[in-house]
Amino acid sequence: MRQLIPEQDKEFLKAKFADELENEVTVVAFTEKAENLELPGLECEFCKETAQLIDEVAELSDLIKVEHREYTPSDEMVAKLGIDKLPAIILMGDNIKGIRYFGIPGGFEFSSLIEDIVDVSKNVTDLSNEAKEKVRGIDQDVHIQVFVTPTCPYCPSAVRIAHQMAIENPEHIMADAIEATEFPHLVSKYDISAVPTVVINDKVQFEGALPDYEFAEKIAEALSA
C-alpha cells in the first residue's frame, strides 16, 4: 500500500513529536460504518485513506494512541462525541474531547492536525490573553464549524483558532474542521461560496481567518443572538 506521508516528512514529524509531545493523545477515528445507512454525510468516500493516514501519524510516537471504531447509531461513543458524518476524527486528552475533523485532513489541513496533536498533548494554546479570557468565561454550549478545503492556505489558521478555543474551554466548546467538498449537503445548507467559512451555533457565519480576539467576539455575538 502506498504511504500517504513521505519518508522525509515522517522523519521530521518523528523528531517534532519526540521534542514536543508531553502527554498521551488518543485519536478516535470513525472510518467505516457497520450498517448500510443512507444518510447524508455517511457515504465515507475517503474512510480508508483517513484510517491509513491516522495510523501513519500514530506510528511516529508512542504517545499517540489510535482507536478505530465503526459507526453504528447504537454506539454510545457516537452519541457522546456527536458523530453525524464520516470520516470523523476526534482528538482526546485530559478533559479534551471537542476537537473534531470531518473529512480527511489532507493538504494544508494536515499541518492543523499535527499542531492540534501537540496542543492536546501539552494542554496549552498560544491564543492571545484577550482571547483566552473571553473564551474561558463562556458558560454556554458553543458549536463551531470551520469549512475548509485541502488547497486553502488560509484555512488552517481558522481551524487552529477554533480548536484551541475548544482546548481552553473543553466543557462548553466543540469545534469542527469540515472538508467542504466531502459534504456538499452542508455547503448547500449554509450557502458556502468561499473557504474558510465559520459557522457558530447556526446563528453567526463569517468568511476568512479572523484574529483570535475577533473570533471570540463572534462567539459572543452568536450567544447573544
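User: Hi! Quick one to start: is Asn201 buried, partly exposed or exposed?

Analyst: Hi! Asn201 counts as partly exposed, at 23% relative accessibility. Buried means under 20% relative accessible area, exposed means over 50%, and partly exposed is in between, using a 1.4 Å probe and protein chains only. Before we go on: this is a predicted model, where local features need pLDDT of at least 70 and side-chain atom pairs count only at pLDDT 80 or more, while totals for chains, interfaces and linings use all residues. Residues are numbered from 1 along each chain as its sequence is written, and side-chain values use heavy atoms, with hydrogens and water left out.

User: Thanks. Where does Asn201 lie, and what is its phi?

Analyst: Asn201 lies in the loop between strand 7 and strand 8 (204-207). Its phi is near 55 degrees, a positive value in a residue other than glycine. Helices (H or I, at least four residues) and strands (E, at least two) are DSSP runs, numbered from the N terminus.

User: And Asn95, what's its phi?

Analyst: Asn95 has a phi near 65 degrees, again positive in a residue other than glycine. It lies in the loop between strand 3 and strand 4 (96-102). With 65% relative accessibility, Asn95 counts as exposed.

User: Let's zoom out. How many helices and strands are there?

Analyst: The protein has 8 helices and 8 strands. Its C-alpha trace spans about 50 × 45 × 35 Å along the principal axes.

User: How does the radius of gyration sit against a compact globule?

Analyst: It agrees: a compact globule of 225 residues would have a radius of gyration near 17 Å, and the protein has 17 Å. That radius is taken over C-alpha atoms, and the globule rule is 2.2 Å times the number of residues to the power 0.38. Of the 225 residues, 52% count as buried. Among contacts between residues at least 6 apart in sequence, 74% join residues at least 24 apart. Contact here means heavy atoms within 4.5 Å.

User: Now the helices. How do helix 2 and helix 4 pack?

Analyst: Helix 2 (residues 47-58) and helix 4 pack at an angle of about 45 degrees, with their axes 12 Å apart. That makes helix 2 oblique to helix 4. Angles under 35 degrees count as roughly parallel, over 145 as roughly antiparallel, 65 to 115 as roughly perpendicular and the rest as oblique. The axes are lines fitted to C-alpha atoms, for helices over the stretch in contact, and angles run from 0 to 180 degrees between N-to-C directions.

User: Which residues make that contact?

Analyst: Leu53, Ile54 and Val57 of helix 2 meet Phe110, Leu113, Ile114 and Ile117 of helix 4. By class, that is 7 nonpolar, no polar and no charged residues. Ala, Val, Leu, Ile, Met, Phe, Trp, Tyr, Cys and Pro count as nonpolar, Asp, Glu, Lys and Arg as charged, and the others, Gly among them, as polar.

User: What about helix 4 and helix 6, what's the angle there?

Analyst: Helix 4 (residues 109-122) and helix 6 (residues 155-168) pack at about 20 degrees, with axes 9 Å apart. Helix 4 is therefore roughly parallel to helix 6. The contact includes Glu115 and Asp119 of helix 4, and Arg160 and His163 of helix 6. It has 5 nonpolar, 4 polar and 5 charged residues.

User: Switching topic: is Leu91 buried or exposed?

Analyst: Leu91 is buried, with a relative accessible area of 0%. Its place is in strand 3 (residues 88-93). Not counting residues up to four places away in sequence, Leu91 touches several residues, including Leu113, Ile117 and Val120.

User: And Gly137, where is that?

Analyst: Gly137 is in the loop between helix 5 and strand 5 (142-148). It is exposed, with a relative accessible area of 55%.

User: Last one: which residues does a cis peptide bond join?

Analyst: Val195 and Pro196 are joined by one, with omega about -5 degrees. Pro196 is in the loop between helix 7 (184-189) and strand 7 (197-200). The bond from Leu86 to Pro87 is also cis, with omega near -5 degrees, and Pro87 is found in the loop between helix 3 (76-81) and strand 3.
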